[in-house]
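Please look through the sequence and the coordinates first.

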Amino acid sequence: MYLRTLSLAVLAGWAIHPVAGHVPHQLRSEEATCKKTTVAILGGGMAGISAAQALTNASVHDFVILEYRDTIGGRAWHVPFGKDKNGEPYTVEMGANWVQGLGNPGGPQNPIWVLAQKYGLKTTYSNYDNISTYDEHGYSDYSNLLDDFDAASDIANKKAGTVLAQNLQDSNAQTGLAMAGWNPKKNEMKAQAVDWWKWDFESNYTPFESSLVFGFASDNLTSNVFSDHDNFVTDQRGLNTIIKGMASTFLKENDPRLHLNTKITNITYSNDGVTIHNRDGSCVSAAYAITTFSLGVLQNDVVTFSPELPEWKKTAIHKFKLGTYTKIFLQFNETFWPTDTQYFLYADPTTRGWYPVFQSLSMPGFHPGSNIIFVTLTNELAYRAENQPDEKTKAEIMEVLRKMWPDKDIPEPTDFMYPRWSTEPWSYGSYSNWPPGTTLEMHENLRANTERLWFAGEATSPTYFGFLHGAWFEGRDAGRQIAALLQGRCTKYPATHQKLCHPRKRYETLHGTSPLADYSAVNGWTANSFYDSNTD
Ligand SMILES: Cc1cc2nc3c(=O)[nH]c(=O)nc-3n(C[C@H](O)[C@H](O)[C@H](O)COP(=O)(O)OP(=O)(O)OC[C@H]3O[C@@H](n4cnc5c(N)ncnc54)[C@H](O)[C@@H]3O)c2cc1C
Ligand SMILES: *[C@@H]1O[C@H](CO)[C@@H](O)[C@H](O)[C@H]1NC(C)=O
Ligand SMILES: *[C@@H]1O[C@H](CO)[C@@H](O)[C@H](O)[C@H]1NC(C)=O
Ligand SMILES: *[C@@H]1O[C@H](CO)[C@@H](O)[C@H](O)[C@H]1NC(C)=O
Ligand SMILES: *[C@@H]1O[C@H](CO)[C@@H](O)[C@H](O)[C@H]1NC(C)=O
Ligand SMILES: *[C@@H]1O[C@H](CO)[C@@H](O)[C@H](O)[C@H]1NC(C)=O
């Protein structure tokens, strides 16, 4: 029954009237030769595969998945690294590594945790309290500062919740923390190290660069809805085993609907359909398309949209930020660091965020005896490292390690490797963050469709941005909504009675909070007339 409605909708909606308006002539003539499909899913990461599964669940089987790389998984990306005793490489995750917020017994379960269990993903409890503190002279116990941060963070979190609930103006997370008593000076380097560990390590921006409301809300929602339990993935098949597992429920081997090594360069969209052109000259013409490109891909103009994306959409794309989170892996011929502790925090005497957190994999539950440790950089220092040769980065890290363990004779690493997320052409960064002064309206513009082109991915999730589960929910919702549109169903979200078979809400104009009249001399504003003359 749905299928019949679907084919009618397809015939009426787009096959007879192919993409209209705005289309350059050379594209229009090629259209006849484009592969036809009902839904084109652009990107085969968590969001794309989840969208395809949601379409399948709603009996929409006519879709294609177009993926840049030679594999699905996207930012769930692993590579071989180092060697074990038998000379076999270990598998390490360049991207997503934790299942964050598993779920409490009887409560809602994180869909990523459900998948992890279904596909037997090997994981270990990540104990963020199991951390030792260091400075440039070696071990130095400043763990009291960790508690100080947590106390302030609890207060700021409640404040952020109030700002959200009462629709007050957003600020940055640093303001919230400072008002709650956490306000380290620039030269208090131990406190700065703690600040980095407690904030940047998760959101990959500083508290100053993060929204008060949504910076606190994101972690809060994950831990309140699911749980505050995070597991670290050690599975030698790689984390994307769960994405491949999902795909195997609807894709058969060599399924013609999956197009790997397909680099999308141009997207033409209208109210009748979407045509996608790829670098190899192939093209796909679809009734609907869902892009799951990372915010970085959208920000770097890798793909040309025709017509140009509207201003409200472009503004949203540039407002939200894609951070860079760089894990740098080292293998040694011995484990010279303590084998009973998961995390080592280093306070550099001059630079906040300078090789700040080392994580041991050479311990029970991880890869015991592997002699592998890795260190994480974010943003400015991540860009710096990603732009310099391995040898320079390695030398900087060795200097830090020799400061942290001054009594040890530390050998050179036997293997060394790190990704370049900030320049990876299919990602241009790691995961998104909400800057200060954000409104939900701005984010709805990121999430809204432009005619038949829909947007999904971790960055479009207001509740779980930055996480694998954010990508899962966003892919599912876009898939469900498009299926409802195709089938003329108006499924309602039970809680809000919002209709699924509607385009998404968007705001062509975002208003400020102060009326023009307040830009007055009495408020110290002396250039009023200029603005007056610009309004009508
Ligand atoms: C370093 C790092 C650490 C992370 N840590 C965690 C973590 O511990 N826990 C967690 O939950 N999340 C983590 N994340 C976030 C998580 O990886 C993402 O939220 C999630 O994988 C995003 O899925 P997605 O489908 O939205 O996007 P993607 O995985 O980026 O999928 C988009 C797909 O589109 C493809 N594509 C891009 N451009 C084109 C083009 N021009 N043509 C065709 N295809 C294209 C890409 O190749 C990609 O496969 C981390 C991410 C990174 C990078
Ligand atoms: C599709 O349906 C299956 C079976 O009910 C379910 O496990 C899965 O989570 C659904 N997928 C999505 C993306 O909704
Ligand atoms: C980490 O946990 C192990 C095992 O419980 C314990 O022996 C060790 O002292 C802990 N380290 C820190 C810094 O808490
Ligand atoms: C975080 O959750 C708590 C409830 O546990 C709530 O009081 C607070 O307002 C929430 N904060 C945000 C920013 O949503
Ligand atoms: C397609 O996109 C490329 C860049 O990705 C651009 O140079 C080219 O002009 C575009 N072609 C059309 C027909 O829009
Ligand atoms: C590791 O290598 C260093 C020199 O490269 C050497 O002195 C040390 O004995 C080696 N350790 C082990 C456990 O082999």
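## Basis

This is a predicted model, in which local features need pLDDT of at least 70, side-chain atom pairs count only at pLDDT 80 or more, and totals for chains, interfaces and linings use all residues. Residues are numbered from 1 along each chain as its sequence is written, chains are lettered from A and ligands numbered from 1 in the order in which they are written, and side-chain values use heavy atoms, with hydrogens and water left out.

## Ligand 2

A residue is listed if one of its heavy atoms lies within 4 Å of the molecule. Helices here are DSSP runs (H or I, at least four residues), as are strands (E, at least two), numbered from the N terminus.

Ala, Val, Leu, Ile, Met, Phe, Trp, Tyr, Cys and Pro count as nonpolar, Asp, Glu, Lys and Arg as charged, and the others, Gly among them, as polar. A polar side-chain atom of Asn-57 lies 2.2 Å from an oxygen atom of ligand 2. For Gln-53, a polar side-chain atom is 2.9 Å from a ligand nitrogen atom. Taken alone, ligand 2 exposes 360 Å², and the protein buries 52% of that. Such areas come from the Shrake-Rupley method with a 1.4 Å probe; for residues, only the protein chains shown count as cover.

## Ligand 3

Asp-129, Asn-130, Ile-131, Ser-132, Asp-340 and Thr-341 surround ligand 3. This shell divides into one nonpolar, three polar and two charged residues.

Asn-130 places one 2.5 Å from a ligand oxygen atom. Asp-340 has a polar side-chain atom 3.3 Å from an oxygen atom of the ligand. Thr-341 has a side-chain N or O atom 3.2 Å from a ligand nitrogen atom. On its own, ligand 3 has 360 Å² of accessible area, of which the protein covers 44%.

## Ser-432

Ser-432 is found in strand E21 (residues 432-433). Is Ser-432 buried or exposed? Ser-432 is buried, with a relative accessible area of 4%. Buried means under 20%, exposed over 50%, and partly exposed in between (1.4 Å probe, protein chains only).

The Ser-432 side chain makes a polar contact with the side chain of Glu-458 (2.7 Å). Such a contact is a pair of N or O atoms within 3.5 Å; within protein, one must be able to donate a hydrogen and the other to accept it, and residues adjacent in sequence count only if both atoms are side-chain atoms. Beyond four places in sequence, the contacts of Ser-432 include Leu-295, Lys-321, Leu-322 and Phe-465. Contact means heavy atoms within 4.5 Å.

## Aromatic pairs

Rings of Phe, Tyr and Trp (its six-membered ring) pair if their centres lie within 6.5 Å; planes under 30 degrees apart count as stacked, over 60 as edge-to-face and the rest as tilted. The count comes to 37 aromatic pairs. In one of them, the ring centres of Trp-197 and Phe-201 are 4.9 Å apart and the planes stand at 35 degrees, so the pair is tilted. Trp-197 and Phe-201 are four residues apart in helix H7 (residues 189-203), so about one helical turn separates them. Trp-197 is buried at 5% relative accessible area, and Phe-201 is buried at 7%.

Phe-201 also pairs with Tyr-343: the centres are 6.3 Å apart and the planes at 85 degrees, so this pair is edge-to-face. Phe-201 lies in helix H7 and Tyr-343 in strand E17 (residues 343-347), so the pair ties together parts 142 residues apart in sequence.
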